[in-house]
Amino acid sequence: MQTKDFKKKVDKINKYPTDKISSYFRKESLILLIVTITGILYNIGMVAGPWFEGQMVQTLCDIIGNIKKPEAMLYLAACYVLTIFFVQFMRYLKRLYVRKFANNISKSMKITIYRNVLSLKKNEQEEAGTVMTKIIADVDACVEGMRKFTTEVFDTGVVMIAYLAMLLSYDWKLTLLSMIFPPVAYFLAEKLKVIVTKNTAQSRESMSRLNESVLERITNALTYRVYGQETRRNEACEVLLKDYEEKAIRANIWENAMQPIYKVIAMLGTIMIICFGSKNVCGTGWTVWNIAAFSTFFSCYQKLAVKSSKAAKLFNSVQKAKVSWKRIKPYLTKNPTQTEPEETKPAPLHVSHLTFAYPGQTPLFSDVSFDAFPGQIIGITGKVACGKSTFGKIFTGELSYRGHITLGNISFSNQGDCYENCVGYMGHQPELFSGTIEDNICLGKPGNITPVLEAVCIDQEVETLPDGIHTRIGNGGVRLSGGQQARIALARTLWHKKPLLILDDPFSAVDMETETKIFNHLRLYAKDCVILLISHRLALFPQMNQILWIENGTVSVSDHETLIQKNEHYRTLFRAQINEASRPLCETKINTASCTINDTQKHGGDFHHG
């Protein structure tokens, strides 16, 4: 069902060009029709406020002069409340569907971007997580500009026309005279938006330089300390920080402090209304007014002037959206050769005479042959830097190899495109981007992600977060722990389940109890898949259907019991880990720290996972 729903959404996206703003508006034409109807009713109804205010002022004067009874005010107030209730209900509907419009646009853009970015080879583009982190903020800014534009077409455009029509109906000469000032505010805003954009861009560039300097300072802290350059690098960071502060303050002044000026200029027309409107009330002006007409005209003009100042702010938002659109547009362009992933049925994996070597080096492993069937989990392990992770990457099509790999009737080829439909991959690095937990898991594929959160034992932790699955995790998942990052990446792989799953160190930084639970969930959740599980933690390897032990360029294919009997290195490593796991917690921590120090010293301070 999820696959069919996803295909429907993709078909809807493919119906229109994805690199044109107008296509997103056409896609949501039904929602925009509802927005149009409710927006017109709401904004035309806004003129009822000034009219009722004028009538109540007039009624109060009539009550004081004994012309009307107090009941007239109660009747008028009741009508006012009912009218405002209807108007605000239309406002609620309009905003509801405008937000739905923005959410649909955001999903459409992100689905297209996810597909296009993930379809790129890593040697052609940056890491997928890094690219998405850069794009995600621009997508949000662009969608927010489209949302504000859609909202302000009615909340500014339609309502201003309604206010203007009411003003003209009361006194067209005074209207034209007082309306000289709002266009001046518009003109000033249009001229200043270039300055606003320029200062905002300078602020962001300065922030980027500061971030790069701080990151470089942290990364190379030991080097600077050894060579006595800490003070110099700190001074350089201080200079960049001061530059950013100055540019950020200047940008905020131009963007925010100009709003009162727009409002003051637009409100200058009230002087004309007081001067000439009072003459109308006295019967010596261009037309004859009562107090109700004066109050209505004055209130109506005030509201119009306030809307004029907000329209100026809208120009700045739209300008930012244009800049963001230019950055994301290349990632929204369809790849004519790209096809939608099709569901691939469970199938056995056959590997024959697989050999791999980096150019100019001896083979990491050679002549590897084995078979695996749906529901089986194949453990892959070995000494540090033996090539475990490299072995897993071969099945993603990222590395060129010799030999044959087939999944059912599908024959893999070096650097081919068949991997996308057949292989799900969780790398040693999670490659998370600065979106929400849901975004990082779904990658544009909609549905309820609770089952995969439960499968990786992170559902309860997510529930404790401020926004649950909608919590933003920061660049690279910086707001999550290492174990949480790995489990989010594993949940993403399970959500996009394929017949062959490559899991590189999926139990990173979790305790033994949680590791066992996740492993059991994998058995159930991926019972129709072949899983190649790469790990240096061997406690669960007795439950593997097969084990591939990589050592000195050779790969032994066997089961746990056979390896324990015949392979001394595997036996030693397994028993050491089991004994370590069975010790008291405090003793384990002390020994683990000692082993880490010894290993670090042995490897010259560079300790890597295979």
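This is a predicted model: local features need pLDDT of at least 70, side-chain atom pairs count only at pLDDT 80 or more; totals for chains, interfaces and linings use all residues.
Student: Is Lys247 buried or exposed?

Tutor: Lys247 is buried, because its relative accessible area is 18% and the cut-off for buried is under 20%.

Student: OK, how many salt bridges are there by this rule?

Tutor: The count comes to 10. Another one is between Arg147 and Glu144, whose side chains meet at 2.6 Å, N to O. Both of these residues lie in helix H6, residues 128-170, and they are 3 residues apart, about one turn of the helix.

Student: What about accessibility there: which class does Arg147 fall in, and which does Glu144?

Tutor: Arg147 is buried at 17%, while Glu144 counts as partly exposed at 28%.

Student: Now Lys383. What does Lys383 form a salt bridge with?

Tutor: Its partner is Glu551, and the closest N and O atoms are 3.7 Å apart. This pair links distant parts of the chain, 168 residues apart: Lys383 is in the loop between strand S3 (377-382) and helix H13 (388-394), and Glu551 is in strand S9, residues 546-551.

Student: Are those two buried or exposed?

Tutor: Lys383 is partly exposed, with 41% relative accessibility. Glu551 is buried, with 13%.

Student: Changing topic: what is the strand order in the open sheet?

Tutor: The order is S2-S1-S4-S5, a sheet of 4 strands with antiparallel pairing. Strand S2 (365-372) and strand S5 (410-411) stand at the edges; each has a single partner strand, so one side of each has no neighbour in the sheet.

Student: How many bridges join S4 to S5?

Tutor: There are 2 bridges, and the two strands run antiparallel, with S4 covering residues 402-407. Within that pairing, Leu407 stands opposite Ile410 in S5.

Student: Let's do the packing. How many residues are in the largest nonpolar core?

Tutor: That core has 44 residues, and those with the most contacts inside it include Ile441, Leu494, Phe507 and Tyr570. Helix H18, residues 482-495, gives the largest share, 7 residues.

Student: What does Leu494 touch, leaving out residues up to four places away in sequence?

Tutor: Leu494 touches Val452, Ala455, Val456, Leu501, Leu522 and Tyr525. Apart from this core lies another of 30 residues, among them Ala372, Ile378, Cys422 and Val555.

Student: You mentioned Tyr525. What sits over its ring?

Tutor: The charged end of Lys497 does, 5.0 Å from the centre of the ring.

Student: While we're on rings, how many aromatic pairs are there by this rule?

Tutor: The count is 13. One of them is Phe276 with Trp286: the ring centres are 5.0 Å apart and the planes are at 10°, so the pair is stacked. Phe276 is in helix H11, residues 269-282, and Trp286 is in the loop between H11 and helix H12 (291-332), 10 residues apart.

Student: How accessible are Phe276 and Trp286?

Tutor: Phe276 is partly exposed, at 26%. Trp286 is also partly exposed, with a value of 43%.

Student: Which rings are linked into a cluster?

Tutor: Ring pairs connect Phe356, Tyr358, Phe365, Phe391 and Phe395.

Student: Next, backbone. What is phi near for Asn66?

Tutor: Phi of Asn66 is near 60°, a positive value in a residue other than glycine. Most residues other than glycine have a negative phi. Asn66 lies in the loop between helix H4 (48-64) and helix H5 (70-118), and it is exposed at 71%.

Student: And what phi does Glu431 have?

Tutor: Glu431 has a positive phi of about 55°, and it is not a glycine. Glu431 lies in the loop between strand S6 (423-426) and H15 and is partly exposed, at 25%.

Student: Last one: where does Asp439 lie, and what does it touch?

Tutor: Asp439 lies in helix H15, residues 437-442. Not counting residues up to four places away in sequence, Asp439 touches Lys110, Tyr114 and Phe433. Asp439 counts as buried, at 15% relative accessibility.

Key:
Residues are numbered from 1 along each chain as its sequence is written. Side-chain values use heavy atoms; hydrogens and water are left out. Buried means under 20% relative accessible area, exposed over 50%, partly exposed in between (1.4 Å probe, protein chains only). Contact means heavy atoms within 4.5 Å. Two strands pair if DSSP finds at least two bridges between them. A salt bridge is a side-chain nitrogen of Lys or Arg within 4 Å of a carboxyl oxygen of Asp or Glu. A nonpolar core is a set of buried Ala, Val, Leu, Ile, Met, Phe, Trp, Tyr and Cys residues joined through side-chain atoms within 4.5 Å. Rings of Phe, Tyr and Trp (its six-membered ring) pair if their centres lie within 6.5 Å; planes under 30 degrees apart count as stacked, over 60 as edge-to-face and the rest as tilted. A charge sits over a ring if NZ of Lys or CZ of Arg is within 6 Å of the ring centre and within 35 degrees of the ring normal.
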